[in-house]
Number of protein chains: 2
Amino acid sequence: MAEMRKGERTREHILKTTRSILVAQGFHNTTINDIIRATGVKKGNLYYHFASKEEIGIAVLQDASREFLRFLEDSFQGPTACAKVINSCQAIFQEQQKNNFVGGCLFGNAALEMSDSNRRFAAVIQDVFSQWCNKLAGALMQAGESGCLAASLPPHLLAKAIVATMEGGIMMARVSKDPADLADCLAVIKSLISG
Amino acid sequence: MAEMRKGERTREHILKTTRSILVAQGFHNTTINDIIRATGVKKGNLYYHFASKEEIGIAVLQDASREFLRFLEDSFQGPTACAKVINSCQAIFQEQQKNNFVGGCLFGNAALEMSDSNRRFAAVIQDVFSQWCNKLAGALMQAGESGCLAASLPPHLLAKAIVATMEGGIMMARVSKDPADLADCLAVIKSLISG
């Protein structure tokens with residue numbers, strides 16, 4: 001039992017450490033030796049937990065995905081559905097600002113690096129975007145029903161554009177290291193929602 | 001003179017061939033040998049034109065940037081400033097669709113791969129995004145003056161959100177290989193502009 005917990009801790013340590021390597025340098029540019037060096041886990045032990053670099057990559061994305069969806073859940077706060085959507089986008093902005101716009105969005109990065117060549121990676125990322133869209137669309141539908149929504153667009157369409165604008169804004173702020181690039185996107189989202 | 005023209009043709013051939021490799025597999029994952037193999041240009045000749053892989057990468061981005069800005073210029077067509085903006089976004093959608101949403105946007109890809117680690121790459125990409133924003137903002141300002149603009153947001157802010165939405169939409173469509181992801185973003189942009 002204690003042994004199992006130790007194994008889980010090792011797995012968790014590998015996932016979190018590899019995530020920060022992947023954010024910094026991408027999947028292709030990361031070797032198994034980089035992961036061994038950074039985690040301090042022996043090769044045999046690493047392969048006990050994961051069959052290949054691809055399996056580690058998929059598991060890192062799945063782990064980050066669960067974490068992001070929990071973060072998202074917590075970020076939908078406020079007295080109205082509109083406030084929930086805006087506060088959620090604001091929380092993502094703050095996360096990016098905390099990191100000085102270095103690293104960007106792991107899912108966006110992996111999307112651009114991996115989705116043409118590896119459909120398993122693409123499937124995990126698509127699922128994150130899709131759950132994020134659904135969460136937004138649910139709140140936007142409520143906002144529409146309560147009459148607080150400025151834009152007269154179908155919720156699922158508006159939700160998709162919000163995800164795209166956030167991802168594109170994160171990309172632009174990452175290039176310029178200027179918070180205004182993402183802040184401007186946020187201002188347009190706010191205006192779309194609450195006029 | 002003929003020799004100079006041949007040199008220019010070789011340089012052009014290296015740039016265009018390397019661009020398609022970079023779109024497919026990124027900068028870090030591309031070696032000088034990949035470029036030699038794909039172009040058929042001898043190593044000595046390659047280094048005659050470019051001092052390093054970094055110099056090739058920068059030159060590819062600059063060449064693609066000039067081409068994209070010409071494409072953008074041509075895409076601003078239509079009877080009104082609003083129509084020009086919408087048709088330009090539509091032209092980008094069609095380019096992506098022509099490639100079946102494979103490869104995505106070279107600048108977006110390079111932004112996510114290179115902008116934290118190499119400020120020279122970041123500067124070229126930032127310049128593309130900034131010129132694209134300015135071009136859109138100019139048309140949106142005209143649209144505002146002529147009273148055809150639906151959104152009541154400052155042109156530079158709306159322009160930035162349009163670039164972010166297009167880049168994010170290209171990313172999402174690249175993951176899903178579903179044209180609807182970018183088409184939905186386009187629909188929101190259209191609604192922002194012409195109501």
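Predicted model: local features only at pLDDT ≥ 70, side-chain atom pairs only at ≥ 80, totals over all residues.
## A helix pair in chain A

Let's start with two helices of chain A: H6 (residues 106–114) and H7 (residues 119–145) pack at an angle of about 145°, their axes 10 Å apart. Helices here are DSSP runs of H or I with at least four residues, numbered from the N terminus. Axes are lines fitted to C-alpha atoms over the stretch in contact, and angles run from 0 to 180 degrees between N-to-C directions.

On the H6(A) side the contact is made by A:Phe107, A:Ala110, A:Ala111 and A:Met114, and on the H7(A) side by A:Phe121, A:Ala122, A:Ile125 and A:Val128; contact means C-beta atoms, placed from the backbone, within 7 Å. These residues divide into eight nonpolar, no polar and no charged, with Ala, Val, Leu, Ile, Met, Phe, Trp, Tyr, Cys and Pro counted as nonpolar, Asp, Glu, Lys and Arg as charged, and the others, including Gly, as polar.

Residues are numbered from 1 along each chain as its sequence is written, and chains are lettered from A and ligands numbered from 1 in the order written.

Chain A averages a pLDDT (the predictor's confidence in each residue, from 0 to 100) of 93, and 98% of its residues score at least 70. The complex has an ipTM of 0.93 and a pTM of 0.94.

## Two copies

Chain B superposes on chain A by a rotation of 180° with 0.0 Å of shift along its axis (RMSD 0.0 Å), fitted by least squares on C-alpha atoms of residues with pLDDT of at least 70 in both. That is the relation of a two-fold axis.

Conventions
Contact = placed C-beta atoms within 7 Å.
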